[in-house]
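Student: I have a new structure open. Can you walk me through what is in there?
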Amino acid sequence: AAPTDLLKLTERRMAWLEARQRVLAGNVANADTPGFQPRDVRSFASVLAGAAGGGGAPMAATNPRHLTSASDPLLARPDRTATDRSPNGNAVSLDREALRVAETDGAHALATTMHKRYLSLFRTALGRSQ
């Protein structure tokens, strides 16, 4: 593996985590919206598998309005695990969303730490001060 592969992987992971955090924040913001279905992004593993060629042929847009964001691998999708609904049809569980936000925040902190430490080791190997 090339030295920058780990950097690219951690940067990609951080971008995925940031996208997920935005989607989860949208879920929390819509916790009182009647009929709102919470959303989540594809798993990071499936995003990586798609980038490695495991996701099949990418979709092509024949008109700019056809696939505005459908080709985005981070596209938020309805969360199928949300089964409980309030009387107004809203399926957001603030407890579940809080757990997901905390999980995503912890994973982002880990990815950031790994990225910083790898860069520090790389600088040391090059004989540069940290």
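Tutor: Start with a term: helices (H or I, at least four residues) and strands (E, at least two) are DSSP runs, numbered from the N terminus. Asn-27, for one, is found in helix H1. This is a predicted model, where local features need pLDDT of at least 70, side-chain atom pairs count only at pLDDT 80 or more, and totals for chains, interfaces and linings use all residues. Residues are numbered from 1 along each chain as its sequence is written, and side-chain values use heavy atoms, with hydrogens and water left out.

Student: How many helices and strands does the chain have, and what pattern does it follow?
Tutor: The chain has three helices and two strands. Along the sequence the pattern is α-β-α-β-α.

Student: Back to Asn-27. Is Asn-27 buried or exposed?
Tutor: Buried, with 1% relative accessibility. Buried means under 20% relative accessible area, exposed over 50%, and partly exposed in between (1.4 Å probe, protein chains only). Of the 130 residues in the chain, 25% are buried.

Student: What does Asn-27 touch?
Tutor: Leaving out residues up to four places away in sequence, Asn-27 touches Phe-36, Pro-38, Arg-39, Val-92 and Glu-97. A contact means heavy atoms within 4.5 Å.

Student: And contacts across the chain: what share joins residues at least 24 apart?
Tutor: 76%, among contacts between residues at least 6 apart in sequence.

Student: New topic. How many aromatic pairs are there?
Tutor: The whole structure has two aromatic pairs. Rings of Phe, Tyr and Trp (its six-membered ring) pair if their centres lie within 6.5 Å; planes under 30 degrees apart count as stacked, over 60 as edge-to-face and the rest as tilted. Trp-16 and Phe-44 have ring centres 5.8 Å apart and planes at 55°, so this pair is tilted.

Student: Where do Trp-16 and Phe-44 lie?
Tutor: Trp-16 is in helix H1 (residues 3-29) and Phe-44 in helix H2 (residues 44-54), so the pair ties together parts that are 28 residues apart in sequence. Trp-16 is buried at 7% relative accessibility, and Phe-44 is buried at 11%.

Student: How are the rings of Tyr-118 and Phe-122 arranged?
Tutor: Their centres are 6.2 Å apart and their planes at 15°, so the pair is stacked. Tyr-118 and Phe-122 are four residues apart in helix H3 (residues 94-125), about one helical turn. Phe-122 is partly exposed at 34% relative accessibility.

Student: What about salt bridges? How many does the count come to?
Tutor: Seven salt bridges. A salt bridge is a side-chain nitrogen of Lys or Arg within 4 Å of a carboxyl oxygen of Asp or Glu. In one of them, Asp-40 meets Arg-20, with the closest N and O atoms 2.9 Å apart. Asp-40 lies in strand E1 (residues 39-40) and Arg-20 in helix H1, so the pair ties together parts that are 20 residues apart in sequence. Asp-40 and Arg-20 are buried.

Student: Which residues meet in the salt bridge at 3.1 Å?
Tutor: Arg-20 and Glu-103, N to O. Arg-20 is in helix H1 and Glu-103 in helix H3, so this pair ties together parts that are 83 residues apart in sequence. Glu-103 is exposed, at 52% relative accessibility.

Student: Which residues do shared partners join into one network?
Tutor: Arg-20, Asp-40, Asp-79, Arg-96, Glu-97, Arg-100 and Glu-103. Within this network, Arg-96 and Glu-97 meet at 3.9 Å, N to O. Glu-97 is buried at 0% relative accessibility.
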